[in-house]
Amino acid sequence: VQGLMYQLWVYDDKNQMLSAGELEKLLQDIIDDANKHKESISETERSIAALTGLPRTDWWKIQSQHFIEGINRDNMDIINKAVCMIVLFDIAPENISEKGKNLLHADGRTIW
């Protein structure tokens, strides 16, 4: 949502899978938080995923320069180790063509 990334655990502290209702509440919390913070996140920060559309060699060079330490590395580790990614859109597509575009690449900057 809004080009922001969130980490969501699907198991509780007793290693039990969360219920559908619990997951729905957590996803709603993510949407609410993204809406609350969307104005405080710069366009550049929300567009980092666009780098993955570069040729693999160029993307590797950027990763090796800017994602090797600190929070950038930590965030890349989360992304790379994720079992799956879920993208939450805040705008419903108007037609099948727009839906297809969203599923493939959306605006070209917010989907990993």
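**Close-up views of a predicted model**

**View 1. Asn102 and the residues it touches.** Setting aside neighbours up to four places away in sequence, Asn102 makes contact with Phe89, Pro93 and Ile111. This is a predicted model, so keep that in mind for every view here. Asn102 itself sits in helix α5, which covers residues 96–104. Is Asn102 buried or exposed? Its relative accessibility is 14%, so Asn102 counts as buried, because the cut-off for buried is under 20%.

**View 2. Asp29 and Lys25 in a salt bridge.** Here the side chains of Asp29 and Lys25 come together in a salt bridge, at 3.0 Å from N to O. Both residues belong to helix α1, which runs over residues 20–37. They are four residues apart in that helix, so about one helical turn separates Asp29 from Lys25. Asp29 has a relative accessibility of 34%, so it counts as partly exposed. Lys25 comes out at 53%, so Lys25 counts as exposed; the line for that is drawn at over 50%.

**View 3. Arg73 and Asp74, another salt bridge.** How many salt bridges does the structure hold? The answer is two, and this view shows the one where the side chains of Arg73 and Asp74 meet, 3.8 Å from N to O. Arg73 is at 38% relative accessibility, so it counts as partly exposed. Asp74 is at 38% as well, and that makes Asp74 partly exposed too.

**View 4. Trp59 and Phe67, an aromatic pair.** Why give both a distance and an angle? Because a pair of aromatic rings is described by how far apart the centres are and by the angle of the planes. As for where the two residues sit, Trp59 and Phe67 are both buried.

**View 5. Helices α1 and α2, seen through the predictor's confidence.** Over the protein chain, pLDDT averages 85, and 96% of the residues score at least 70. Which element has the lowest mean pLDDT? Among the elements of the protein chain that is helix α2 (residues 43–46), with a mean of 75.

Note on methods: Residues numbered from 1 in each chain as written. Predicted model: local features only at pLDDT ≥ 70, side-chain atom pairs only at ≥ 80, totals over all residues. Heavy atoms only, no water. Helix = DSSP H or I, 4+ residues; strand = E, 2+ residues; numbered from the N terminus. Buried < 20%, exposed > 50% of the residue type's maximum accessible area, 1.4 Å probe, protein only. Contact = heavy atoms within 4.5 Å. Salt bridge = Lys/Arg side-chain N within 4 Å of Asp/Glu carboxyl O. pLDDT = per-residue confidence, 0-100.
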